[in-house]
Amino acid sequence: MNEVIIKMVIQMDFNIKVSTHPIVCYETESIYEVAKKMKQYDIGFIPVANKKKQIIGVMTDRDIVTRALSNQEKKSCKIQDYMTKHVYSIEKDKKITDAIEKMKKEKVTRLLVTDQKKLVGIISLFDLMKEKDAKLIFDVLKDIKRKETIVQIDTKIDDFYL
């Protein structure tokens, strides 16, 4: 770890919990290229940048499966059509409780950590479990997942299944 990174970690309220070496991909990369990066770095979440190096979305392993592969897209298709375009971030000087509240409000489990709008890290709800009461974190996660599930599930069933 070089000196600049060490200073950045020490200055952050989130401390070591923040991944300070985020892997980034570009909107023109293919699903296959991004999946290879995820495998190589053992991650399931990658910020997506445009040509100006601005973050314009994120790609998750779930995005690849549910949006691209499940629609039988070719592995050469570009991620710009399948990425999650709603990006949520938090400034590095915010408190852990601010991050938890933002995750709860936006119903996400990860936030980009920024320093004056520049990406410096990623923090996940699971990273925060070491710092905060696990019950609080699980309550937030339960609320996030419950809302997603309610929206995604159609409660009607066909008579065929009765």
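**Packing, loops and cysteines**

Q: Which residues does Leu 111 touch, leaving out those up to four places away in sequence?
A: Leu 111 touches Tyr 88, Ser 89, Ile 90, Ala 99, Lys 102, Met 103, Gly 121, Ile 122 and Ile 123. Contact here means heavy atoms within 4.5 Å. This is a predicted model, where local features need pLDDT of at least 70 and side-chain atom pairs count only at pLDDT 80 or more, while totals for chains, interfaces and linings use all residues. Residues are numbered from 1 along each chain as its sequence is written, and side-chain values use heavy atoms, with hydrogens and water left out.

Q: Which members of the largest nonpolar core touch the most other members?
A: Ile 100, Met 103, Leu 111, Ile 123, Leu 125 and Leu 128, out of 15 residues in that core. A nonpolar core is a set of buried Ala, Val, Leu, Ile, Met, Phe, Trp, Tyr and Cys residues joined through side-chain atoms within 4.5 Å. Buried means under 20% relative accessible area, exposed over 50%, and partly exposed in between (1.4 Å probe, protein chains only).

Q: Which elements give two or more residues to this core?
A: They are α4 (96–106), β5 (110–115), β6 (118–124), α5 (125–128) and α6 (134–152). The largest share, four residues, comes from α4. Helices (H or I, at least four residues) and strands (E, at least two) are DSSP runs, numbered from the N terminus. Apart from this core lies another one of 13 residues, including Ile 31, Val 34, Val 48 and Met 59.

Q: New topic. At what angle do α2 and α3 pack?
A: About 145°, with the axes of α2 (residues 31–41) and α3 10 Å apart. Axes are lines fitted to C-alpha atoms, for helices over the stretch in contact, and angles run from 0 to 180 degrees between N-to-C directions. Ile 31, Val 34, Ala 35 and Met 38 of α2 make the contact with Asp 61, Ile 64 and Ala 68 of α3.

Q: And Thr 66, where is that found?
A: In helix α3. Thr 66 counts as partly exposed because its relative accessibility is 35%. A polar atom of the Thr 66 side chain lies 2.8 Å from the backbone oxygen of Arg 62.

Q: What does the side chain of Thr 84 make a polar contact with?
A: The side chain of Asp 63, at 2.9 Å. A polar contact is a pair of N or O atoms within 3.5 Å; within protein, one must be able to donate a hydrogen and the other to accept it, and residues adjacent in sequence count only if both atoms are side-chain atoms. Thr 84 sits in the loop between α3 (61–68) and β4 (89–91). Leaving out residues up to four places away in sequence, Thr 84 touches Gly 57, Val 58, Asp 63 and Arg 67.

Q: What is the phi of Lys 53?
A: About 65°, positive although Lys 53 is not a glycine. Lys 53 lies in the loop between β2 (45–49) and β3 (55–60), and is exposed because its relative accessible area is 65%.

Q: Lys 107: buried, partly exposed or exposed?
A: Partly exposed, because its relative accessible area is 30%. Lys 107 lies in the loop between α4 and β5, and its phi is near 60°, a positive value in a residue other than glycine.

Q: Last one: how many disulfides?
A: The count is zero, taking a disulfide as a pair of cysteine sulfur atoms within 2.5 Å. Cys 25 is buried, with a relative accessible area of 0%, and Cys 77 is buried, with 15%.
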